Amino acid sequence: MPSFYIKAVGVTFENIQRIIRKLNVGDKLRFVLEPTNPYDKYAIKIVTIDGQIIGYVSKDYNQNIFLQISLGVKFDLTISSITGGGFNSSYGVNILVEY
């Protein structure tokens, strides 16, 4: 299966911006299923290796990824770029997803 890129969504909630500022290109991340999320039964958190949440998978992709994880597919996630920042701009995280 080919690798693909996603952008973490929900990066402006709570203390996520503070966490993102400490991340680096090349850092590893992981998916955590959140089937009890009241807004989306296919919600997938994106977290650092030590469990700090940095965002979610977009609804454009989460159902497919959720089902694959449920079937035992393992994904490797690596930060490919950190965007934004500066005076009035939030940070964003682009992620390479590999099988």
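# Notebook: a first look at the fold and its aromatic pairs

I began with overall size: with 99 residues, a compact globule would have a radius of gyration near 13 Å, and the protein has 13 Å, which agrees. I note that this radius is taken over C-alpha atoms, and that the globule rule is 2.2 Å times the number of residues to the power 0.38. The model is predicted, so I kept in mind that local features need pLDDT of at least 70 and side-chain atom pairs count only at pLDDT 80 or more, while totals for chains, interfaces and linings use all residues. Residues are numbered from 1 along each chain as its sequence is written, and side-chain values use heavy atoms, with hydrogens and water left out.

**Entry: overall layout**

I looked up the extent next, and the C-alpha trace of the protein spans about 40 × 30 × 25 Å along its principal axes. The protein has two helices and six strands, and from the N terminus on I read their order as β-α-β-β-β-α-β-β. Helices (H or I, at least four residues) and strands (E, at least two) are DSSP runs, numbered from the N terminus.

**Entry: surface, burial and charge**

I find that 38% of the 99 residues count as buried, where buried means under 20% relative accessible area, exposed over 50% and partly exposed in between, with a 1.4 Å probe and protein chains only. The accessible surface of the protein comes to about 6100 Å², and 52% of this surface belongs to carbon and sulfur atoms; the areas come from the Shrake-Rupley method with a 1.4 Å probe, and for residues only the protein chains shown count as cover.

For contacts, meaning heavy atoms within 4.5 Å, I looked at those with a separation of 6 or more, and residues 24 or more positions apart account for 52% of them. I also looked up the charges: the mean positions of the 10 positive and 8 negative charges are 3 Å apart. Here Lys and Arg count as positive and Asp and Glu as negative, with His and the chain ends not counted, and each charge is placed at NZ of Lys, CZ of Arg, CG of Asp or CD of Glu.

**Entry: aromatic pairs**

How many aromatic pairs does a search of the whole structure find? The search finds four. Rings of Phe, Tyr and Trp (its six-membered ring) pair if their centres lie within 6.5 Å, and planes under 30 degrees apart count as stacked, over 60 as edge-to-face and the rest as tilted.

For Phe4 and Tyr99 I noted ring centres 6.2 Å apart and planes at 55°, so the pair is tilted. Phe4 lies in strand E1 (residues 4-7) and Tyr99 in the segment after strand E6 (91-98), so the pair ties together parts that are 95 residues apart in sequence. Phe4 is partly exposed at 21% relative accessibility, and Tyr99 is partly exposed with a relative accessible area of 33%.

I then turned to Tyr42 and Phe66, an edge-to-face pair with 5.4 Å from centre to centre and 80° between the planes. Tyr42 lies in the loop between strand E2 (28-33) and strand E3 (44-48) and Phe66 in helix H2 (residues 62-70), so this pair ties together parts that are 24 residues apart in sequence. Both Tyr42 and Phe66 are buried. I also recorded one aromatic cluster, formed by Phe4, Phe31, Phe75 and Tyr99.

**Entry: around Tyr99 and Asp76**

Leaving out residues up to four places away in sequence, Tyr99 touches Met1, Pro2, Phe4, Gln68, Val73, Lys74, Phe75 and Asp76. The C-alpha atoms of Tyr99 and Lys74 are separated by 6.1 Å, although the two residues are 25 apart along the chain.

Asp76 is placed in strand E5 (residues 76-84), and I list it as partly exposed, with a relative accessible area of 44%. With the same exclusion of residues up to four places away in sequence, Asp76 touches Leu96, Val97, Glu98 and Tyr99.

Asn62, in helix H2, counts as buried at 4% relative accessibility. Beyond residues up to four places away in sequence, Asn62 touches Asp40, Tyr42, Ala43, Ile44 and Val57. Asp40 sits in the loop between E2 and E3 and is buried at 14% relative accessibility.

Last, I checked Glu14, in the loop between E1 and helix H1 (16-20), and found it exposed at 79% relative accessibility. Its phi is near 45°, a positive value in a residue other than glycine. Most residues other than glycine have a negative phi.
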